[in-house]
Every structure is written in C-alpha cells, then in structure tokens.
Amino acid sequence: MYKIPKSQLKEERAAYIFLIPWIIGMMVFFAYPFLNSLWLAFTNSRLRGGDFIGFDNFIRMFTRDANFQKSLLVTTRYALVGIPLKLIFALALALALKKGATFFRTSFYIPSLIGSSVAVAVMWRQLFAREGIVSQALSVFGVEPRAWLGMPEHALNILIILAVWQFGSSMVIFIAGLKNIPGELYEAARIDGAGPLRMFKSITLPMLSSVIQFNLVLQLIGGFQVFTQGYVITRGGPMNETLFTVQNIYQEAFEGIRMGYASAMSWILFLVVASIALLIFASSRFWVFHTSEG
C-alpha cells in the first residue's frame, strides 16, 4: 500500500495553513453575503429581520414595478449597443497600434483606469451641459446650445459614448491576442494573393475569436453592473431614461431601505447576466476557433 511521504504531508499542511486567511475572507466577504442575499430576496426585510413572503418580491418586480422593468430595459440597451461598439473600436485601434506606438497604447489605456471614477463622470456632465464644450463646438455649425443630458432621446446615447471611450483594457487584450497569431499565416496568404480584408476575415478574426469571446464576456459583466455614470451624471433621468438596474437596486436598498426587495432585484440581474454569459459559451463552438482542435 502506497504511503504518502512525511515531507509531502508537511507541505500540504503548510499549504492549508497559508490558505486559511483566504478561506476566511471568502466565507466572510463572499459566501455569507451571497447566501444571505438569497434569503433576503424571499423576505420583506427592511434593515433587519423581516418575514418570509415567498415569491412576492419577484412577482411585484414583473407586474407592478415599472421602474425595475424600465431599468432592466435601459441596462440591456446600454450593454447591447455600448459593448459591441467598444469592442469594434478597441479592435480597430489594436490593429493600428499592434507594432510599436507604446506611448499611444498607454494613452488610450488611461481612460479604462479612470473612466468609472466620479471625477470623470462630473467632467462628462460638464461637457454636455448647456454651456459646455460640446454645445459651444456645435454652435459653430448653427446648432443652438442645449442641455443634452436633459433630453430623453440623447441622454443614454451620451453615456454609451462614455462607455466606448473606455476601450483601453479591451484594446490591450486584443493587442496581446494579435501578437500570438503566427506571422507565417499572413505570409502564406500574401503569396496566394489575399488582400488585407481577406486576411482579416480568414486569419485575424478566426485566430482572435477566443480573445473576442473573453472580451465580450468581461465587458458584458461590466456593462450590466454600470452604476457611477448614471448615478452621478444624470441621477437616472430624464424620465428614467438612464436609470440603470444597479442604480435602481441602490435606491431601493439604501434610500428606500427595502433590503429584501433590493436583494430580489440583485438576483434577477445576476440570473440575466449569467444566462447571457452561458449563451455566449454555449454558442462558442459555432464561432470560436481553437488551434488545439484536431
């Protein structure tokens, strides 16, 4: 019978000892809040306590809460429009900056670091104010100054522009993926007479498909969790046209003090994001190219 060496047992014991702080942190800051929010979702808890009410919170969401339905629609539109535009823009810049241009790569990456900050949100609000730079620039072409963020038909699109501006992290990931594409493939394509568009379609996109999938899922999660932009720039207005789901959850939990209802909303958002992510992974066999496949 095989016996585990004492030295290996000591190493395993030491590994578990070093893992204890991480395990405690995971239980305190992740597992307990996760399970507690699931329980609260089925209660009418306000700040503490609360009675079990079954699925009443979820029924209310989809039958009587117009704000929740509106916020989910706004968030979905924000994600479905903003994320593809951001990835297209990031890929275009990655192709242009693949070789060299370290200064420009760094410059384009900076918005991803500060784009979700309150300072940038305040700056964005000032840019599109009635007396802001955007109105002043458009006045040269005869467009009257207006409060762009106060117009329901434009407010969400302005926040989408801010999201697209934060393309730097996706661009860096695309650049790393482009550098891993073998140059021999492009050389063989040139010998066969393929042009740039043909090589992009037949080589770049297939070889970059797994990176596109990674960026898509990453940006999807971030897109559905947007909060600062809507809360600071527009406060969800005008007419709830920029009321994002996370902002709505925040208002229910910390302004309305309805923790049970806010927890139920959080779980619906979680299920929506998880479902879309699973759909992306399930469909990947039709459009993601894996070099390891035989």
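**Isoleucine 249 and beyond**

A: Isoleucine 249 is found in helix H13. Helices here are DSSP runs of H or I with at least four residues, strands are runs of E with at least two, and both are numbered from the N terminus.

Q: What kind of model is this?
A: This is a predicted model: local features need pLDDT of at least 70, side-chain atom pairs count only at pLDDT 80 or more, and totals for chains, interfaces and linings use all residues. Residues are numbered from 1 along each chain as its sequence is written, and side-chain values use heavy atoms, with hydrogens and water left out.

Q: Back to isoleucine 249. Buried or exposed?
A: Isoleucine 249 counts as buried, at 11% relative accessibility. Buried means under 20% relative accessible area, exposed means over 50%, and partly exposed is in between (1.4 Å probe, protein chains only).

Q: What is isoleucine 249 in contact with?
A: Ala262, Met265, Ser266 and Leu269, leaving aside neighbours within four places in sequence. Contact means heavy atoms within 4.5 Å.

Q: And what separates isoleucine 249 from isoleucine 191?
A: Their C-alpha atoms are separated by 57 Å, and the two residues are 58 apart along the chain.

Q: New topic. Where is isoleucine 160?
A: Isoleucine 160 is in helix H7, residues 152-165. Isoleucine 160 is buried, with a relative accessible area of 4%.

Q: Which residues does isoleucine 160 touch?
A: Tyr78, Val81, Gly82 and Leu85, not counting residues up to four places away in sequence. Leucine 40 is 120 residues from isoleucine 160 along the chain, and their C-alpha atoms are separated by 33 Å.

Q: What about helix H5? Which residues are buried there?
A: In H5, residues 118-127, they are Val120, Ala121 and Trp124. They cover an arc of only 100° around the axis, so they sit on the same side of H5. The arc is that of the directions from the helix axis to the C-beta atoms.

Q: How do helices H8 and H11 cross?
A: The axes of H8 (residues 168-179) and H11 (residues 209-224) come within 10 Å and cross at roughly 165°. That makes H8 roughly antiparallel to H11. Axes are lines fitted to C-alpha atoms, for helices over the stretch in contact, and angles run from 0 to 180 degrees between N-to-C directions. Under 35 degrees is roughly parallel, over 145 roughly antiparallel, 65 to 115 roughly perpendicular, and the rest oblique.

Q: Who makes that contact?
A: From H8, Ser169, Ser170, Ile173, Phe174 and Gly177. From H11, Val211, Ile212, Phe214, Asn215, Leu218 and Gln219.

Q: Now loops. Where does serine 45 lie?
A: Serine 45 lies in the loop between helix H1 (6-40) and helix H2 (56-63). Serine 45 is buried, with a relative accessible area of 4%.

Q: What is serine 45 in contact with?
A: Leu40, Gly50, Arg258, Met259 and Gly260, leaving aside neighbours within four places in sequence.

Q: Where is the cis peptide bond?
A: It joins glycine 237 and proline 238, with omega about -10°. Proline 238 is in the loop between helix H12 (228-234) and helix H13 (245-255).

Q: What about methionine 239?
A: Methionine 239 lies in the loop between H12 and H13. Its phi is near 55°, a positive value in a residue other than glycine. Methionine 239 is exposed, with a relative accessible area of 68%.

Q: And isoleucine 257?
A: Isoleucine 257 has a positive phi of about 50°, although it is not a glycine. Isoleucine 257 is in the loop between H13 and helix H14 (259-287). Isoleucine 257 is partly exposed, with a relative accessible area of 30%.
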